[in-house]
Amino acid sequence: MYEDAWYSFVPEATGKNAASNSAAHAHKRKESLLQQPNGTGKNQQLSHSIGTVAEEPYEDKGPPGATVLRRAASYADCRHAQRPAVPTVLRKKQGSHRNRNWEALILSTDAKHTPKSYTTDLQTENVYNEQLLDASQQEYLLYRDQLSLTERHLDGLISDANTTLELLTKLSNSFQSVESQTSTFQAQCEEVLTEQTRLEKLAHQVGTDYYYYSYLDNATRRLNAPGASRLVDDESFGEMVENIDACIAFMEDHETYRERDSYLARYNALLTKCLHLLDHGFSTRLEKVSSDIVRQLSTTKSESTRHALAYGRFEEMLTDSYALLPNIHKVTRRVYDQYGRFDSGIRNSSIFSSSTLSMLRTYLTTRDRDIKMMTQHDVEEYQKEIKELSLETASRNYIKQTLERVHNENSLFFKVFNIEPSWNTAPDSVFQSIKTVQTTMVHPGNLQPMATQLQTAFQTAEIQSVCNVVGWIASEYGISENDEDEDPIAPKQYREYAARLLVEHLWPFVDNAFEAEITKSITKAVIADDALKIGPVVGGISSSNAYLLVQKAIELLRMFDRAMPKERSSQNSQVVFRVVRETIQVLQQASSRIQSQKLVTDADLTLARSGRL
């Protein structure tokens with residue numbers, strides 16, 4: 001209401017007292033309290049006037065009277081000074097020497113001046129006295145004025161505060177009166193708001209339920225319109241599939257709703273039609289790209305150019321669409337995860353799974369037809385290298401090239417369907433589904449074409465060469481200590497493909513080859529009686545003079561151990577068990593023959609020595 005400057009206007013009143021206290025210790029005359037700092041000129045003028053009067057000669061008829069030293073002026077003296085100034089010369093006190101001095105001054109003045117000049121001097125003296133009084137009281141008058149001003153301000157504040165309190169009291173009384181009068185109305189309003197909230201919630205539920213009924217007409221109109229097949233290349237197609245699936249789930253959850261069965265059947269029909277349109281759109285796009293790729297492959301002879309066309313160009317042309325592949329991803333990932341595992345807890349999983357598998361088969365069949373020329377060329381090169389180089393060298397080259405093609409097909413498969421067909425034994429997985437697709441090319445789910453070519457070449461080869469190739473695969477694509485320096489994706493997939501090739505195809509083939517070799521070399525071998533004799537040791541090798549069939553068994557065990565990992569060759573191997581069993585039987589037969597023929601060789605020694613080897 002008021003500024004703070006009004007309250008800080010009072011000056012410090014300690015300066016004058018401090019000056020007075022410091023002057024009390026001096027030997028000089030005490031300074032009069034009537035003298036003001038800002039009245040120096042006026043004091044000098046007054047002193048000059050008084051000195052002039054004092055210097056005028058007058059006659060004193062007697063000795064001067066006793067005088068009393070003046071005391072320092074006090075606040076009471078300043079207060080008396082506020083009364084009308086009366087010349088000191090006019091104050092008469094009986095028996096006072098000062099009065100007599102003033103009278104002498106007056107007489108001296110009367111003798112020298114006329115009554116007119118006396119009046120003028122008296123007025124001048126009155127003016128000087130008033131000025132002297134004002135100068136002496138200036139500090140106290142200013143302080144009084146400031147206190148008066150502060151008092152008026154405080155009175156104003158008190159008055160305003162009282163007025164505000166009265167107003168607040170009136171408002172409080174008014175609010176209490178209004179509150180008492182509107183309590184019933186407030187209760188009614190709360191009931192209305194509660195009812196409004198209930199109606200809003202009910203309206204929202206009705207609107208939500210109505211959406212699942214009204215969406216049928218919109219979806220039906222869009223799917224039956226001319227050019228509906230072009231919807232598969234639009235982003236809204238994936239949203240429409242999700243909405244139809246949500247409507248089917250809603251109808252399945254609310255069996256008591258009106259016409260629920262009718263709407264459920266119609267929504268299922270729309271979902272089937274959507275997936276059929278997606279399958280048809282994908283097949284059409286695939287055929288268009290395939291025809292162009294096949295035409296370019298047939299006109300080129302360069303192997304690198306064929307590889308670029310079959311994978312790079314094919315991927316570029318197939319993904320050159322607006323939303324076809326994203327819509328396919330939404331459908332395939334509806335029931336399968338990234339690794340091709342089936343999720344049976346999803347609603348309508350059978351419909352989505354059937355559509356997905358149909359597109360997978362169409363894709364693999366088309367790819368097999370496109371790169372059939374390249375597949376045949378690889379097989380011809382493999383057979384040619386077997387004749388020109390060796391079985392081991394040709395097999396290694398063929399395996400490396402084929403595993404690289406499997407890796408490329410896997411990458412392309414993932415970009416098209418957003419699924420990686422990893423190995424899985426579940427019958428409803430993607431891996432098991434595409435494994436049944438018979439193709440001449442190799443793909444992540446089918447390594448049979450590569451295994452067939454290798455097994456065909458191994459049929460007429462020596463068992464030592466077969467063991468060398470199988471052992472090389474296990475050591476080349478096994479887990480090594482230098483995997484940190486390699487590609488983190490390709491070696492892992494290569495190991496998976498190599499492990500499947502060995503476990504599913506080559507190891508069973510090698511076991512059968514050893515079985516046949518055991519039967520041929522040990523079980524059905526014919527040994528002459530001369531071979532039963534124990535000859536001298538050759539070259540310091542203890543097994544050099546062992547029984548021939550025992551030496552053959554040792555050689556077979558050595559080859560099997562080098563071809564197989566330690567876990568397979570040393571634990572419950574049927575091949576090792578049969579080699580040992582057949583060798584024991586042959587030794588028993590040899591011992592019996594030695595005894596029956598009465599040969600020079602000791603039967604027990606032959607049996608013991610061969611058994612120790």
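Q: In which helix is the place of L165?
A: L165 lies in helix α5, which covers residues 115-224, where helices are DSSP runs of H or I with at least four residues, and strands are runs of E with at least two, numbered from the N terminus. This is a predicted model, in which local features need pLDDT of at least 70 and side-chain atom pairs count only at pLDDT 80 or more, while totals for chains, interfaces and linings use all residues. Residues are numbered from 1 along each chain as its sequence is written, and side-chain values use heavy atoms, with hydrogens and water left out.

Q: Why does L165 count as exposed?
A: Exposed means over 50% relative accessible area, buried under 20% and partly exposed in between, with a 1.4 Å probe and protein chains only; L165 has 51% relative accessibility and therefore counts as exposed.

Q: What share of the residues in the chain is buried?
A: Of the 613 residues, 34% are buried.

Q: Why are α12 and α14 called roughly antiparallel to each other?
A: The axes of α12 (residues 391-417) and α14 (residues 448-459) cross at roughly 175 degrees and come within 11 Å. Angles over 145 degrees count as roughly antiparallel, under 35 as roughly parallel, 65 to 115 as roughly perpendicular and the rest as oblique, and α12 and α14 are therefore roughly antiparallel.

Q: Which residues of α12 and α14 make the contact?
A: With contact meaning heavy atoms within 4.5 Å, the residues include L391, S395 and Y398 of α12 and P449, M450 and Q453 of α14.

Key. Axes fitted to C-alpha atoms, helices over the stretch in contact; angles between N-to-C directions.
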